[in-house]
Amino acid sequence: MVVTPTMSDDDSQEAPSEGFGPSKLGVRTTVDAPLSASQAIEVLQAGNRRFVQGDVKAGGLGPDKRRALASHGQRPVATVIGCADSRCPVEQLFDARPGDIFVLRNAGNTCTHAEGSMVGSVEYSVLNLETKMILVLGHTGCGAIMGATKLFMERTAFKYIELTRQKDAQESEQPPQPCGCKSRSTLLGLLDALVPVAEQACVELGGGSTEEIAAHAVKVNVWRTINFLLSYSLVIREKVASGEVELQGAVYDMSSGAVEFLGKSPKQAQLLNSDAHVVPSMQA
């Protein structure tokens, strides 16, 4: 893929194979046609290669391009669900500019909490912005995944002790005190919801250290988020089933800067038969 040359605000058209696709106004707006899923993934891959090589071309936007985005709306090439980690800025690692990517971020790139906001936003991007590629992007060294893995390991290690403490408390008629008790918080609730990811990673590996399980859990979590989207969004299922939209996973390596593209979920064909229309928290 050809690297995008630096453009002035007077330039009106990019070559179709460059940058983030054709842009009649120098930025991606509603006057431009949507990119196909295959075109979008090629653009993301090319942008990441430029980022890794230190040959970024995105730069800033001049007044004319900012006004174009404000006046003519957005036509991003892809929707990306990424992690809130400040070391993983989605636009930068794909060498993108404002208007190029529709980005959703939270700790752990997950749909375990406030899932209506995440899923609804993806549906909006597909229906209104006409993005054809949905990418769930995890990353190495994810703090949310490591926290959930430590919580899982702690619970596993203290399971027998906790049962013993509860039994002793019952015999002495004293209320049991949880081993390794922590103050309840929203953060702990988020990590608790990610514990099944660590548990599945442990099962798939057949055991391992906290670091090994957490590293594998990053990919497990990517698939989990993708599978959640397929399970609870009729809009996404229909678009994917028709071939109009693709839903893929990827992992960003913070050390190398490279993004590993994982492709589609192994469970996609099965989940396309789901009959759920809305996320659990919004079901009547």
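Before looking up any helix pair, I noted that axes are lines fitted to C-alpha atoms, for helices over the stretch in contact, with angles running from 0 to 180 degrees between N-to-C directions. I also kept in mind that this is a predicted model.

Entry one, the overall picture. I found ten helices and five strands in the protein, and buried residues account for 47% of its 284 residues. When I took the contacts between residues at least 6 apart in sequence, 71% turned out to join residues at least 24 apart.

Entry two, a helix pair. I looked up α7 (residues 186-205) and α8 (residues 210-232), whose axes come within 8 Å and cross at roughly 115°. Since angles of 65 to 115 degrees count as roughly perpendicular, α7 and α8 are therefore roughly perpendicular to each other. I recorded the crossing of α7 past α8 as right-handed. On the α7 side the contact includes A193, L194, P196 and V197, while I213, H216, A217 and R224 are among the residues from α8. Sorted by type, the residues of this contact comprise eleven nonpolar, three polar and three charged.

Leaving aside residues up to four places away in sequence, I236 touches V122, E123, I134, L229, L230 and L247.

Definitions and conventions. Residues are numbered from 1 along each chain as its sequence is written. This is a predicted model: local features need pLDDT of at least 70, side-chain atom pairs count only at pLDDT 80 or more; totals for chains, interfaces and linings use all residues. Side-chain values use heavy atoms; hydrogens and water are left out. Helices (H or I, at least four residues) and strands (E, at least two) are DSSP runs, numbered from the N terminus. Angles under 35 degrees count as roughly parallel, over 145 as roughly antiparallel, 65 to 115 as roughly perpendicular and the rest as oblique. A crossing is left-handed if the near helix is turned anticlockwise from the far one by less than a right angle, and right-handed if clockwise. Contact means heavy atoms within 4.5 Å. Ala, Val, Leu, Ile, Met, Phe, Trp, Tyr, Cys and Pro count as nonpolar, Asp, Glu, Lys and Arg as charged, and the others, Gly among them, as polar. Buried means under 20% relative accessible area, exposed over 50%, partly exposed in between (1.4 Å probe, protein chains only).
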